Amino acid sequence: MLDQQAALAADPVPPHSTCTQHTVTVTLSASDPTPYTMAGQLCLEPDALRGGRAVMLMISGLTYDRSYYNNPLTPYSYSWVYSATQHGYSTFNIDRMGVGLSSRPPADKLTVYNQAYVTEQIVRKLRAGAIGGRAFPIVIGVGHSLGAGILQYLAGTVTDKTGVPDYLVFSAWLHQGYLPAVTYLGNSLHPTSSDPVLAPKNYPTGYMTTKPGTRGTNFYHAAGADSAVISFDESAKMPGTLSERQSLGAVRTSNVTSTITVPVALSVGEFDTLQCDAATPGLSCATAAAIKTREAPYYGPKACLTTFSVDNTGHSVTLHYKGLDSFNFVHNWLDDNLINKAHLKDANGCIPA
């Protein structure tokens with residue numbers, strides 16, 4: 001079984017792509033000049049209609065690093081990086097601040113707001129060709145859970161659009177959660193200093209992670225996942241901070257999402273217990289229509305909200321058997337927006353359903 005360090009060392013490289021490792025200097029806010037570094041893998045594709053001009057900027061959720069999007073166990077089954085590059089899209093898969101090979105700032109400095117400020121810098125650098133030498137006129141923000149919240153806050157609050165992705169792909173991220181499961185997740189967290197996997201890595205005070213043996217319940221629908229993947233997830237887990245978790249509430253509001261002016265695609269696992277419960281009125285994720293009914297009131301017309309339910313799947317969509325279905329949904333949606341139906345967009349920038 002690969003451990004977390006082996007996974008990072010492996011960082012699977014799609015055989016048809018040109019991939020390079022990068023560390024990018026960033027700051028956490030306009031008022032704090034302290035330099036930090038963000039690490040990521042850039043995979044370039046030559047497809048003139050896709051990866052030659054568009055890059056997917058991938059941001060993982062709480063307690064995950066970039067291996068969430070590029071799992072080394074069976075990349076052709078679980079790696080979104082493999083799937084995206086096979087489809088012709090370039091990718092920049094990052095370790096957000098505090099995890100993986102990126103810097104570990106003090107815990108109280110790691111909030112959704114600071115992470116969004118860092119992400120804005122990365123978007124600008126990708127547009128300018130400052131990462132890997134290729135300038136991308138189109139940046140696609142891809143976020144899972146916390147990563148989606150970071151992108152959502154960035155897109156809903158930054159007015160200079162050169163710092164905002166042109167398209168947003170959210171996974172496992174809804175405005176209303178299922179309280180019993182959210183409470184269970186909260187009770188499953190403990191300091192990294194108490195964790196057998198992460199204690200030896202000496203994270204700063206205030207960093208936390210999931211207690212041993214809880215990730216399967218929190219993040220998976222067991223019937224739709226491989227037990228080996230869940231075991232790897234336990235060994236490869238990462239931290240997050242209380243400040244990140246506490247600041248998520250400010251993102252889950254129409255004050256943020258109603259001002260988003262770029263197209264949004266949203267996929268959710270049918271059995272994502274953190275946000276879905278078929279027995280609770282208004283919390284179904286069983287169909288795309290049910291998800292859209294829940295989320296559409298929070299978005300404005302320029303978000304062109306498109307939804308997808310990933311059947312037999314829990315919170316960590318990418319790491320389930322049906323993860324490939326969600327990849328294909330996104331790639332087809334992007335193809336329609338960038339190529340197939342681009343000439344049919346209406347005044348709000350939406351393609352026909």
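A cavity here is a set of points, on a 1 Å grid over the protein atoms alone, where a 1.4 Å probe fits but cannot get out. Grid points are joined across faces, edges and corners, and a volume is the space filled by probe spheres set on the points.

Before I continue, please note that this is a predicted model, in which local features need pLDDT of at least 70 and side-chain atom pairs count only at pLDDT 80 or more, while totals for chains, interfaces and linings use all residues. Residues are numbered from 1 along each chain as its sequence is written, and side-chain values use heavy atoms, with hydrogens and water left out.

The largest cavity holds about 70 Å³ of space. Which residues line the largest cavity? Among them are Tyr64, Asp65, Ser67, Tyr68 and Asn71, together with Phe232 and Asp233. Lining residues have an atom within 4 Å of a point.

Rings of Phe, Tyr and Trp (its six-membered ring) pair if their centres lie within 6.5 Å; planes under 30 degrees apart count as stacked, over 60 as edge-to-face and the rest as tilted. Ten aromatic pairs are found in a search of the whole structure. In one of them, Tyr68 and Tyr69 have ring centres 5.0 Å apart and planes at 80°, so this pair is edge-to-face. Tyr68 is buried, with a relative accessible area of 1%, and Tyr69 is buried, with a value of 1%. Buried means under 20% relative accessible area, exposed over 50%, and partly exposed in between (1.4 Å probe, protein chains only). Ring pairs also join Tyr64, Tyr68, Tyr69, Trp80, Phe219 and Phe327 into a cluster.

Elsewhere, the charged end of Arg104 sits over the ring of Tyr203, 3.8 Å from its centre. The rule requires NZ of Lys or CZ of Arg within 6 Å of the ring centre and within 35 degrees of the ring normal.

I turn now to the backbone. Most residues other than glycine have a negative phi. Ser145, however, has a positive phi, near 55°. Ser145 is in the loop between strand E5 (138-144) and helix H5 (146-157); helices (H or I, at least four residues) and strands (E, at least two) are DSSP runs, numbered from the N terminus. Is Ser145 buried or exposed? At 13% relative accessibility, Ser145 counts as buried. Asn312 also has a positive phi, near 60°. Asn312 lies in the loop between strand E11 (306-310) and helix H12 (323-340) and, at 27% relative accessibility, counts as partly exposed.

Gly177 belongs to the loop between strand E6 (167-171) and helix H6 (179-187). The C-alpha atoms of Gly177 and Gln275 are separated by 4.0 Å, although these residues are 98 residues apart along the chain. Leaving aside neighbours within four places in sequence, Gly177 is in contact (heavy atoms within 4.5 Å) with Val182, Leu274, Gln275 and Leu283.

Finally, Asn114 is in helix H4 (residues 112-128) and is buried, with a relative accessible area of 14%. Asn114 touches Leu28, Ser29 and Lys109, not counting residues up to four places away in sequence.

Terms used. On a 1 Å grid over the protein atoms alone, a cavity is a set of points where a 1.4 Å probe fits but cannot get out, and a pocket is an open set with protein on both sides within 12 Å along at least five of seven lines; lining residues have an atom within 4 Å of a point.
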